[in-house]
Amino acid sequence: MSRILIINPILYTSETNRIPKVKSIKDTMIYTFCLGFLNLGHQVTLLAAKDYQPEQEETYEFPLIFMETTGHKIFQPRCLPYMPELRGFLRKHREYDLIITSEVFGTWSYTASRICPEKTIIWHELAKHNNIMRQIPSKIWYHIVAGSMMRRTPVIPRSEAAAAFISRFLPHVADFCVDHGVNLQKFPEMVQVKKRNYFVVVSQFIERKKIDRTMMRFREFWENGHRDYRLYLIGQGELESAYRDFIAWHHLEDAVILCGQMTHEQLLPFLAESKAMLISTVKDNNMVSIVESIAAGTPVVTTSVPYNAAYIRKDGLGIVADDWGADALEKICAENDKYVRNCINYREKLSNTYLANQFVEYARQYWKSCLESDTID
């Protein structure tokens, strides 16, 4: 059994500097990730920015620390939070055997890697420079700060794209990727359900998700002899009114249904019965909704933008094409049994317990090799 600290200041995505309050953080990716270590018998603690503390009290399965952030004019909590108390916390609490931090470009990762270099692993997602101030801080950070002062810290990438990017700056990058995991205990029988004639979109209703494009492609499919199919839009956001107007203008009231926000308990059975999840995003990293779809045995039709697209294409978990249209929907329906079977065969690799074990084993082997060679560089 190991004592593990996970430092992940940003618990969920905020499109603006005003971080929306949520009732619970138990459906977040990192909370599920922590449960993977707990299921393996480890002691795990999650440290996050206080800006993401839910608006009502919750009871957690493991210790969760919310730490104050400062300097918001420069260090916006939605993208680059700064927690000045972290340094003292790490110096005081030496009991942890393993520290996992999110992202190389983060003051928290720098602090952990400098104070606890023999314990820290960075779980890295970004595959390009951060756009803050025309990428200047990001370029300085990766080339100078990380390149010279974080070289000893091992990195586990979350995608092939992230691995290619961070390998330009740091030498100790794992030769495997760890995506966002899911708690398969919530999906035990869903992969056995019969698929029904509908598609789903699970997304924020914002511009970069291009849900209007998805609706247009579905309309072409629907009008081409598939009037028994439906498209369900699950989520909420600033464009909801525009989507309602779009549906009315194109006379799709019977074909496209806005479902609003769903809890995980509501979403997962609904997702499991879908023929496919549809994605038209033009800007995203690893998408948790993709992981959940595959775990539910539901293939994905997506643009090549999400980093998950690499293994979707490689392992036949759906269709990847930037210009996907009605023909892609025809294909995913005609060969649905094959794609579903591939998802079922792949889902174990997305288990939070499986992924947590990869971290623990990699840490053990990495530092063992360092001791044997008496060096990390």
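Visitor: Which side chain meets Arg208 in a salt bridge?

Guide: In this predicted model, the N to O distance of the pair is 3.0 Å. A salt bridge requires a side-chain nitrogen of Lys or Arg within 4 Å of a carboxyl oxygen of Asp or Glu. The partner of Arg208 is Asp284.

Visitor: How many residues apart in sequence are the parts that Arg208 and Asp284 tie together?

Guide: Arg208 lies in the loop between S7 and H6, whereas Asp284 lies in the loop between S10 and H9. The pair therefore ties together parts of the chain whose separation in sequence is 76 residues.

Visitor: Is Asp284 buried or exposed?

Guide: Buried means under 20% relative accessible area. Because the relative accessibility of Asp284 is 14%, Asp284 counts as buried.

Visitor: What is the distance between the closest N and O atoms of Glu273 and Arg196?

Guide: Glu273 sits in the loop between H8 and strand S10 (276-278), and Arg196 in the loop between H5 and S7, 77 residues apart. Glu273 is partly exposed at 25% relative accessible area, and Arg196 is partly exposed at 45%. The two form a salt bridge in which the closest N and O atoms are separated by 3.0 Å.

Visitor: Are Glu125 and Arg158 buried or exposed?

Guide: These residues form a salt bridge, with 3.6 Å between the closest N and O atoms. Glu125 is in the loop between strand S5 (120-124) and H4, and Arg158 is in the loop between strand S6 (155-157) and helix H5 (160-166). As for their accessibility, Glu125 and Arg158 are buried.

Visitor: What is the volume of the largest cavity?

Guide: There are three cavities of 30 Å³ or more. Among the 14 residues lining the largest cavity, Thr32, Val182, Asn183, His264 and Glu292 lie nearest its centre. Helix H1 (29-39), helix H8 (264-272) and helix H9 (288-295) each give two or more residues to this lining. The volume of the largest cavity is about 110 Å³.

Visitor: Which elements each supply at least two residues of the lining of the second largest cavity?

Guide: The second largest cavity holds about 60 Å³ of space. Its lining includes Val201, Val202, Ile211 and Thr214, and by class has six nonpolar, four polar and one charged residues. The elements in question are strand S7 (198-202) and helix H6 (211-223).

Visitor: How many residues of the lining of the second largest pocket are nonpolar?

Guide: The second largest pocket has a volume of about 390 Å³. It is lined by 20 residues, with Cys177, Val178, Tyr311, Tyr346 and Lys349 lying nearest its centre. Four of the lining residues are polar and six are charged, while the nonpolar residues number 10.

Visitor: What is the relative accessible area of Ile140?

Guide: Ile140 belongs to helix H4 (residues 136-149). With Ile136 and Ile144, Ile140 makes a nonpolar surface patch of about 280 Å². Patch residues must have over 30% relative accessible area. Ile140 is partly exposed, with a value of 45%.

Technical notes. Residues numbered from 1 in each chain as written. Predicted model: local features only at pLDDT ≥ 70, side-chain atom pairs only at ≥ 80, totals over all residues. Heavy atoms only, no water. Patch = residues over 30% accessible without salt bridge, like charges linked within 9 Å, V, L, I, M, F, W, Y side chains within 5 Å. Areas by Shrake-Rupley, 256 points an atom, 1.4 Å probe, with all protein chains shown as cover. Helix = DSSP H or I, 4+ residues; strand = E, 2+ residues; numbered from the N terminus. Buried < 20%, exposed > 50% of the residue type's maximum accessible area, 1.4 Å probe, protein only. 1 Å grid on protein atoms, 1.4 Å probe; cavity = no way out; pocket = protein on both sides within 12 Å on 5 of 7 lines; lining within 4 Å. Points joined across faces, edges and corners; volume = space filled by probe spheres on them. Nonpolar A, V, L, I, M, F, W, Y, C, P; charged D, E, K, R; others polar.
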